[in-house]
Amino acid sequence: MFFRKPFRDYGPFMLLMLLTCAVWETVSRLGLVPSFILPAPSAIWTALIEQRRLLFEQHLPATLQEVLIGFALSVSCGTLLGAGMHMFRPLEKALYPLLIISQTIPLIALSPIFIMWFGYTLWSKVAVVFLTAFFPVVVGTYDGLHKSGKIYRELLLTLGANRWHILRKTQIPLALPSFFSGLKLSIVYCVIGATIGEWLGGSRGLGYFSRRMAGNLQSAEMFAAVFLLSALGVVLFLGVAGLEKYILKKRGIHR
């Protein structure tokens, strides 16, 4: 009885994953695809175990550090900017086009500039993470505040509420679902941004490790690093989703 709901929700996904891994393992063991192109899942797992100290004690913490710092900066700056654009119309007109333009520039083109400014330090990767991840937070905050509570706003105005009261009492609570949607996108983009930054320059991190293994044609080790990056993204996403569920439930907001 206890497992019925999880199986109903995630059973099809788990079955698909098992089937995919079984086909993948069979194709690799039969030699239909060279192992340096597509190593077997069992070989990836063996590489993950053999390289566990290097991966879990050196490279994973480095990537996690870049992701968390970049995410914290993205949430802080993105929330302030989104709220500021909502409250001050001239600020929105001045900055919104710039935000759109900033997302049209390929990160690959900007990363060498960050390396030139910050060197091969932590901050060049954090800059890439920030640029990748702050846009969803800005848009989520701005759209959430902009679209929320017109009826409540007019009601509170008739009761003599000022702008701060309206923002605090209605607009912020009603904007929370949109805000958290932005956060969930942002945390996944942080992992992508950190990986791009490490690929382009650095000496630590899962992106750096996977690039080094790819250069040596050690595909199993490279896939092990990619697997860890994917697992990191999933865990962080679930963490933000759990926080969202807790806060929305506490405030009585149902999605």
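**Pocket and cavity**

Tutor: The largest pocket holds about 820 Å³ of space. Closest to its centre, among 19 lining residues, are Phe 13, Met 17, Phe 227, Ser 230 and Ala 231. This is a predicted model: local features need pLDDT of at least 70, side-chain atom pairs count only at pLDDT 80 or more, and totals for chains, interfaces and linings use all residues. Residues are numbered from 1 along each chain as its sequence is written, and side-chain values use heavy atoms, without hydrogens and water.

Student: What makes a set of points a pocket or a cavity?

Tutor: The grid is 1 Å, over the protein atoms alone. In a cavity a 1.4 Å probe fits but cannot get out; a pocket is an open set with protein on both sides within 12 Å along at least five of seven lines. Lining residues have an atom within 4 Å of a point. Points join across faces, edges and corners, and the volume is the space filled by probe spheres set on them.

Student: How many cavities of 30 Å³ or more does the rule give?

Tutor: The count is 1. The largest cavity has about 40 Å³ of space.

Student: Which class dominates the lining of the largest pocket?

Tutor: Nonpolar: 18 residues, against 1 polar and no charged. Ala, Val, Leu, Ile, Met, Phe, Trp, Tyr, Cys and Pro count as nonpolar, Asp, Glu, Lys and Arg as charged, the others, Gly among them, as polar.

Student: And the lining of the largest cavity, by class?

Tutor: It has 3 nonpolar, 4 polar and 1 charged residues.
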